[in-house]
Number of protein chains: 2
Amino acid sequence: MSQNFNELITYSKAFSGLTPELEAHLKVIAPVITPHLKRVTDSFYDQLATIPVTEKFLSGRIEHLKSAHLRWLTDLFTLNVNAQFAEAMYKVGDIHVKVNLPVEFMAGAMTLINNELIKLVLETLGNDNNESIKALQAINAVTGVALMIMQQSYQASSLAEELEKFLKISGMSRTLFTNLAKAYN
Amino acid sequence: MSQNFNELITYSKAFSGLTPELEAHLKVIAPVITPHLKRVTDSFYDQLATIPVTEKFLSGRIEHLKSAHLRWLTDLFTLNVNAQFAEAMYKVGDIHVKVNLPVEFMAGAMTLINNELIKLVLETLGNDNNESIKALQAINAVTGVALMIMQQSYQASSLAEELEKFLKISGMSRTLFTNLAKAYN
């Protein structure tokens, strides 16, 4: 599937409320927030470790996963949220299908991460209410953009895998299936 | 697919950080928050109206959708988050597939709603930092639980629809396909 990442990022920003003002604000808070993100990543993996289903995805890989996660999390505050950003997030969704990660892991993970970020922001910027609202909305919006894009890619990849499975089970060739699908439509 | 809603709710709570303390806190803030939820719903649909892709899902149905949405949103603060809650959210995900809502609508919607709730909470409880952290984490966690469950149901329903499509196109009966799948495994 060819994907227009310019369209995808415009659409995802609108659907997450990531306005130009909030996007600019991410860069403003980045120097205050990013030094604490390691704590967010550590706490996230501590919580994952208490959930039995996540065990087999973590076992023996925690340190590697943590450093990839911290890079990804830092990117949310430091990268420009453009077509390249969309392409990177799209790849993350695709990888999640390839390693058979259940669909709900992405929404769950984003929720746990936002719980930590809420605490971090209010402890760091809590004295100024307007600043806190802007910071929390900016973070909520950019994690929302990332989640939307990862899930669109996850959905596309999992339907493609499902078709693969059908073809294997039925013994039908892809060409035959494609021709039948054309005739059917 | 038979679904164990007790297991599903326990799992989703763990994966969203909805602790018993935060769940109890939803009931504490409900009387302060729920009177303002109509404003959250109105603002959510105002923002949806600015996104071209949502047009065909909204046209002529806004008032009906708004009242269903407000009921659903109020439920997040007032219902016990138990197996029945899981079953209700599971149905919502299923309905989203039936009306052909794109997969990313749920994550996007939840992001827009959380943007509004962040503002509402900090404007209402902003003077007490610890109270604000607890309230925002409770809301983020319960919307996370709802999203996780809706998406699991959405995924199950869309794979089922995909199989349906495959059977139609290939002309294969469900019985034949099921028998082949058994032989294949």
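Mentor: Of the 185 residues of chain A, 54% count as buried, where buried means under 20% relative accessible area, exposed over 50%, and partly exposed in between, with a 1.4 Å probe and protein chains only. This is a predicted model, in which local features need pLDDT of at least 70 and side-chain atom pairs count only at pLDDT 80 or more, whereas totals for chains, interfaces and linings use all residues. Residues are numbered from 1 along each chain as its sequence is written, chains are lettered from A and ligands numbered from 1 in the order in which they are written, and side-chain values use heavy atoms, with hydrogens and water left out.

Chain A has 9 helices and 0 strands, these being DSSP runs numbered from the N terminus (H or I of at least four residues for helices, E of at least two for strands). Its C-alpha atoms fill a box of roughly 65 × 40 × 20 Å along the principal axes. Among contacts in chain A (heavy atoms within 4.5 Å) between residues at least 6 apart in sequence, 81% join residues at least 24 apart. The accessible surface of chain A, by the Shrake-Rupley method with a 1.4 Å probe, comes to about 8600 Å², and 55% of that belongs to carbon and sulfur atoms.

Turning to the charged pairs, the structure holds 14 salt bridges over all chains, each being a side-chain nitrogen of Lys or Arg within 4 Å of a carboxyl oxygen of Asp or Glu. One of them joins A:Lys66 to A:Asp42, with the closest N and O atoms 3.3 Å apart. This pair links distant parts of the chain, since A:Lys66 belongs to helix α5 (residues 62–78) and A:Asp42 to helix α3 (residues 37–48), 24 residues apart. A:Lys66 counts as buried because its relative accessibility is 16%, while A:Asp42, at 22%, counts as partly exposed.

A second bridge in chain A is formed by the side chains of A:Lys98 and A:Asp94, at 2.8 Å from N to O. Both residues lie in helix α6 (residues 83–98), 4 residues apart, about one turn of the helix. A:Lys98 is exposed, with a relative accessible area of 58%, and A:Asp94 is partly exposed, at 25%.

In chain B, B:Lys13 forms a salt bridge with B:Glu23, the closest N and O atoms being 2.8 Å apart. Here B:Lys13 comes from helix α1 and B:Glu23 from helix α2 (residues 20–33), 10 residues apart, and both residues are buried. Back in chain A, salt bridges that share partners join A:Lys38, A:Asp42 and A:Lys66 into one network.
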